[in-house]
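Biologist: Hi! I'm new to this one and would like to talk through its charged side chains. Could you show it to me?

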Amino acid sequence: MPVATAYWNHFKRFGYNRDIVIERDREKCISCGMTRKEHLEKWNCDLTIDHIDGQGRYSSLQNHDLSNLQTLCLSCHGKKDILRREIVRNQYMQIGKEVR
């Protein structure tokens with residue numbers, strides 16, 4: 001892994017907590033139980049780290065506290081992100097109705 005990528009993954013995005021979180025979660029997706037080895041074989045990449053409150057990569061206030069990070073496989077992480085987007089979109093739609 002290039003040095004710049006390692007720096008980004010371990011410091012900037014997760015406050016050096018990426019490996020700690022994966023080990024804490026017993027190297028498996030906390031949602032479906034897919035192991036790190038199974039994930040690597042299926043997706044050819046490591047398990048992902050999720051910011052539970054959504055304050056991650058695209059947030060101006062990033063919360064890298066261990067209590068806010070969880071290990072997810074690509075599939076479960078994608079499902080969670082889609083659900084989060086739907087909730088936010090519905091909230092904006094509701095605000096728009098209240099303004100009118």
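Biologist: How many salt bridges does a search of the whole structure find?
Modeller: Eight. A salt bridge here is a side-chain nitrogen of Lys or Arg within 4 Å of a carboxyl oxygen of Asp or Glu. This is a predicted model, where local features need pLDDT of at least 70 and side-chain atom pairs count only at pLDDT 80 or more, while totals for chains, interfaces and linings use all residues. Residues are numbered from 1 along each chain as its sequence is written, and side-chain values use heavy atoms, leaving out hydrogens and water.

Biologist: Thanks! Which residue does Asp50 form a salt bridge with?
Modeller: Lys80, and their closest N and O atoms are 2.7 Å apart. This pair links distant parts of the chain, 30 residues apart: Asp50 sits in strand β1 (residues 48-51) and Lys80 in helix α4 (residues 74-99). Helices (H or I, at least four residues) and strands (E, at least two) are DSSP runs, numbered from the N terminus.

Biologist: And is Asp50 buried or exposed?
Modeller: Buried, with a relative accessible area of 2%, while Lys80 is partly exposed at 22%. Buried means under 20% relative accessible area, exposed over 50%, and partly exposed in between (1.4 Å probe, protein chains only).

Biologist: New topic: which residues do shared partners join into one network?
Modeller: Arg18, Glu27, Arg36 and Asp46. Glu27 and Arg36 meet in a salt bridge of 3.4 Å, N to O. Glu27 is partly exposed at 34% relative accessibility, and Arg36 is partly exposed too, at 24%.

Biologist: What about Asp25, which residue is its partner?
Modeller: Arg24, with the closest N and O atoms 3.0 Å apart. Asp25 is buried at 13%, whereas Arg24 is partly exposed at 38%.
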